Amino acid sequence: MDQTPPTPPAAAPPGHPLPSATARPVRLAVRALILHDNRLLLVNAFPGGVSDLWCAPGGGVDPHASLPDNLVREVHEETGLTIDVGAPCMVNEFHEPTRDFHQVDVYFRCRITAGTLDTGWIDPEAVVTERRFFSRAEMVSLRFKPDSLADVAWDAGRIHYDALERLVR
């Protein structure tokens, strides 16, 4: 019989507590980078104008559906557009330790295959209230997340990774 004491769990890095047994699981989401006429499609996902923060369309994944299938569904719900999902181009993590929230977003390059933006389109979940294409120059004066979004959108040459960006509204 082995008398070796069990190995204690590894210590967390400074400033990063070990997760508790009751910690909420990490949420997985997908997002679309859609450049059309050299303009990036963004949505405002704060009902009632609570925030002026913009992001790429997309959302949480449903289990037992592929990431691209989830993204096609999310983009259609939020914009009314039909898309073709291409290669992944970025992984971004958002977190808010005080609310036990951690989300991993996988971004894909996408192209529109059907539809046009319609101001009358209503997101069935009533989350996205505005959708619009922005030029890179317009994004300079726009609040958006993640911070690297514009750089990634206009740089098709590599895959990007952003670790633990704080969640903001």
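In strand β6 (130-134), Arg132 is the bridge partner of Leu42. This is a predicted model, in which local features need pLDDT of at least 70 and side-chain atom pairs count only at pLDDT 80 or more, while totals for chains, interfaces and linings use all residues. Residues are numbered from 1 along each chain as its sequence is written, and side-chain values use heavy atoms, with hydrogens and water left out.

Strands β2 and β6 run antiparallel and are joined by 5 bridges; two strands pair if DSSP finds at least two bridges between them. β2 (residues 39-44) is mostly covered, with 5 of its 6 residues buried. Here buried means under 20% relative accessible area, exposed means over 50%, and partly exposed is in between (1.4 Å probe, protein chains only). On β2 you will also find Leu40, which stands opposite Leu35.

## The overall layout

Stepping back, the protein has 3 helices and 7 strands, in the order β-β-β-α-β-β-β-α-α-β along the sequence. Helices (H or I, at least four residues) and strands (E, at least two) are DSSP runs, numbered from the N terminus. Of the 169 residues in the protein, 39% are buried.

## Strand β4 between two neighbours

Strand β4 (residues 82-96) pairs with β5 (residues 101-114) in the antiparallel sense over 12 bridges. Within this pairing, Glu93 stands opposite Val104. The hairpin of β4 and β5 has 4 residues between the strands, and Asp100 takes a positive phi near 55° there. β4 also pairs with β7 (residues 160-166), this time in the parallel sense over 5 bridges, and Val91 stands opposite Tyr161 in β7.

Tyr107 lies in β5 and counts as buried, at 0% relative accessibility. Its C-alpha atom is separated by 10.0 Å from that of Val85, 22 residues apart along the chain. Gly115, in the loop between β5 and β6, is partly exposed at 46% relative accessible area. Gly115 and Thr82 are 33 residues apart in sequence and 6.3 Å apart in space, C-alpha to C-alpha.

## Helix α1

Helix α1 has 13 residues and reaches 18 Å from its first C-alpha to its last, close to the 18 Å expected at 1.5 Å a residue. That expected span is 1.5 Å times one less than the number of residues. The buried residues of α1 are Asn70, Leu71, Glu74, Val75, Glu77, Glu78 and Thr79. They cover an arc of only 165° around the axis, so they sit on the same side of α1; the arc is that of the directions from the helix axis to the C-beta atoms.

## The largest pocket

The largest pocket has a volume of about 640 Å³. A pocket is an open set of points, on a 1 Å grid over the protein atoms alone, where a 1.4 Å probe fits, with protein on both sides within 12 Å along at least five of seven lines; lining residues have an atom within 4 Å of a point. Grid points are joined across faces, edges and corners, and the volume is the space filled by probe spheres set on the points.

Of the 27 lining residues, the closest to the centre are Arg27, Arg31, Ala45, Phe46 and Gln103. The elements giving two or more residues are β1 (27-36), β3 (58-60), α1 (67-79) and β5, and β5 gives the most, with 4. The lining divides into 12 nonpolar, 4 polar and 11 charged residues. Ala, Val, Leu, Ile, Met, Phe, Trp, Tyr, Cys and Pro count as nonpolar, Asp, Glu, Lys and Arg as charged, and the others, Gly among them, as polar.
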